[in-house]
Amino acid sequence: MALRVAGLDLSLTATGVCHPGRDDQSGRTHLIKPSGKGDRRLVDIRSQVLAYVSGCELVLIEDLPTHAHSAGITGMVHGAVREGLLSAGIPYATVPPATLKKYATGRGNCDKTAMAVAAYRRAEREFADDNQCDAWWLWVMARDLTGDPVFELPKVQREALSKVKKEG
């Protein structure tokens, strides 16, 4: 039986989430647009993420870019969500943005349009925004990591799986 996995593209203004659908085989995407002001948004994002990923056995998070690991509001969102996952006992892993792009398209420096085109070509999936597209690709990658790929990808793209860093 396949593990229940989720993908998170974390942001203070628009967090993309992809989690198992009713049949566990399709990825359901959502966009979290937090209410409130200031740091209260962190509480809202953490709460909504935990509700969506409840029951998951692995959550794959797009990590901060290497040059931004210790700076900025996005780092605060990562901290709040990761603490929530740890407290809930939900294991997670991280993947650098360039590695996610390479997994999805074969190129680590592609733009958001290329990610969306790859999703459509591989699974006829379309998304309202790039946050949900990235979250879906994270979900696809997590499924592949756990031995239950959504579809077959070329070896050069699957090599990106070795760069995923188990965290929680």
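This is a predicted model: local features need pLDDT of at least 70, side-chain atom pairs count only at pLDDT 80 or more; totals for chains, interfaces and linings use all residues.
How are α3 and α4 oriented to each other?

Residues are numbered from 1 along each chain as its sequence is written, and side-chain values use heavy atoms, with hydrogens and water left out.

**The sheet**

Select the strands (DSSP runs of E, at least two residues; helices are runs of H or I, at least four residues; both are numbered from the N terminus). Six of them form an open sheet with mixed pairing, in the order β3-β2-β1-β4-β5-β6. Two strands pair if DSSP finds at least two bridges between them. At the edges are β3 (27-32) and β6 (165-166), each pairing on one side only.

Next, select residues 5-9 and 15-20. These are β1 and β2, which run antiparallel and are joined by three bridges. Here G7 stands opposite C18 of β2.

**Helices on the sheet**

Show helix α1 (residues 40-53), which lies across β1, β2, β3 and β4 (58-62) and runs at about 170° to β3. Angles run from 0 to 180 degrees between N-to-C directions, and axes are lines fitted to C-alpha atoms, for helices over the stretch in contact. Contact means heavy atoms within 4.5 Å.

Within α2, select L85. L85 is buried, at 0% relative accessible area (buried means under 20%, exposed over 50%, partly exposed in between, with a 1.4 Å probe and protein chains only). Leaving aside neighbours within four places in sequence, L85 is in contact with L50, V53, V59, I61, I90 and Y92. Its C-alpha atom is separated by 9.3 Å from that of S54, 31 residues apart along the chain.

**The pair α3 and α4**

Now select residues 97-105 and 112-123. Helices α3 and α4 pack at an angle of about 40°, with axes 9 Å apart. They are therefore oblique to each other (under 35 degrees is roughly parallel, over 145 roughly antiparallel, 65 to 115 roughly perpendicular, and the rest oblique). L100, K101, A104 and T105 of α3 make the contact with A114, M115 and A118 of α4.

**A last stop**

Finally, select E124, in the loop between α4 and α5 (130-145). E124 counts as exposed, at 63% relative accessibility. Its phi is near 55°, a positive value in a residue other than glycine.
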